[in-house]
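Hi,

Here is the structure I promised to pass on. My notes on it follow just below.

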Amino acid sequence: MSKIYIEGGRRLAGEIRVHGAKNSALPALAATLLCRGVSVLHNCPPLLDVTASIRILEHLGCVCRREGTTVTVDSSTLTGFDIPDTLMREMRSSIVFLGAIAARCGQARLSFPGGCELGPRPIDLHLAALRQLGLNIQEDHGLLDCTVQKRLSGAVINLSIPSVGATENILLAAATAKGRTVIHNAAREPEISDLAAFLNRAGACIRGAGSSIIEIDGVYDLHGTEHTVIPDRIIAATYMAAAAVTGGDLILRDVEVSHLTPVLDSFRAAGCLVEPAVKSLRIAAPDRLKPVGTVRTMAYPGFPTDAQPPVLAMSALADGPSVFVENIFENRFKYVDELARMGAKVKVEGRVAVVEGVPALSGATVSATDLRGGAALVIAALAASGVTEIDEIRHIDRGYADLENSLREVGANIKRE
Ligand code: EPZ
């Protein structure tokens, strides 16, 4: 099993290019199923979850080609409507295929995406919304057997939580449904706007994506199209934290600065100089980081839950206490015990973590508990004295492509064995 070794204490300086957003690429790949023809997606990051999505598409009969960061999907050869349990378990976000398969095939068979390291991740909102659109769903022993009588039909859907995945499933199912669908309390994340942009380019009629009310006028079918996935805002926030903890000075290229607004204040509060430019951003760290105050994770445009672990790791080195309130997922502080092995002082009670802030961390043997928790360990290790050994890095590989090379090029002493 591979491990990452980091000898900390090196100042990071230089430029890093931020790759495409995993959480945009995955629903966009599911959306290619709706396009009767060839779709081309650029800036698809070379990640395990992207590979898992391609395997699902191939299982369904699509012909996929991956060249660099461009993925081409020909869905005209689609034959299947089921996703086997093994593929469903590889990636929790596989549930986003449900709306697309049901809309395209009139039926779908797949299993629940399974348990999760962040706490329970129910799909009740996805299922309730799809039922409103006319999908008949039988749940039996963890299997979802779904049929549509003729064609899905538009509906008014009020989401009790602005769920990202549920909003995506509705967009996918409603794009070719009969009539108008209106989503109230829709998720407003940039990844939703990106999915709507892809679908509109393929012939869909979606208005309001990025706001909390989205209207979709169903069209008969969609055609193949070409689309470039937006930059990954969480990767950008992670590299910002890396610059901050190493007293560094980094320029991040290929970022969408407006998507980073919710995190910029935390870095400024920590005393970092943040200079946004067009598609790039410079961050320069102070001699000693200041505490970030209270960070509450919220749906977009609030502070993103996915940036909580790297920013908490940064705060572990601040000159004073910070507080993190996790409002999105029940169990997103698991990595904190691993940070403690490196000398971080963090007390967790339920959804609240109080970070004391220490002058230095020291290298240790630690284990990535989940994707962003793993990224937090990398951040802490970059600042720690001595060597940190991180195992279970498959979690990190789900969301960070070429992490070691990117960090090595700006001065980190990091290797994978
Ligand atoms: C997406 O997950 C992202 N994943 C997550 O990224 C991200 O943390 C999350 O949105 C929030 O921003 C992808 O885009 C692939 P939700 P998703 O539905 O869609 C509850 C990462 O590290 N809920 O907005 O699963 C749910 O339990 C990750 O890249 C229900 O109760 O998130 C959670 O508490 C992990 N019932 C809240 O809503 C439902 O049917 C928000 O979840 C659906 C969700």
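Let me begin with the ligand: an N or O atom in the side chain of Arg372 sits 2.8 Å from one of its oxygen atoms. That is a polar contact (a pair of N or O atoms within 3.5 Å; within protein, one must be able to donate a hydrogen and the other to accept it, and residues adjacent in sequence count only if both atoms are side-chain atoms). Backbone atoms take part too: an N or O atom of Val164 is 2.8 Å from a ligand oxygen, and a polar backbone atom of Pro122 is 3.2 Å from a ligand oxygen. In total, 22 residues surround the ligand (a heavy atom within 4 Å), and Asp124, Leu125, Ser163, Asp306 and Ile328 are the closest.

Please keep in mind that this is a predicted model, where local features need pLDDT of at least 70 and side-chain atom pairs count only at pLDDT 80 or more, while totals for chains, interfaces and linings use all residues. Residues are numbered from 1 along each chain as its sequence is written, and side-chain values use heavy atoms, with hydrogens and water left out.

Two backbone details may interest you. Most residues other than glycine have a negative phi, and most peptide bonds are trans. Glu392, not a glycine, has a positive phi of about 60 degrees. Tyr300 and Pro301 are joined by a cis peptide bond, with omega about 15 degrees.

Pro301 belongs to the loop between strand S18 (294–296) and helix H10 (308–315); helices (H or I, at least four residues) and strands (E, at least two) are DSSP runs, numbered from the N terminus.

Best wishes
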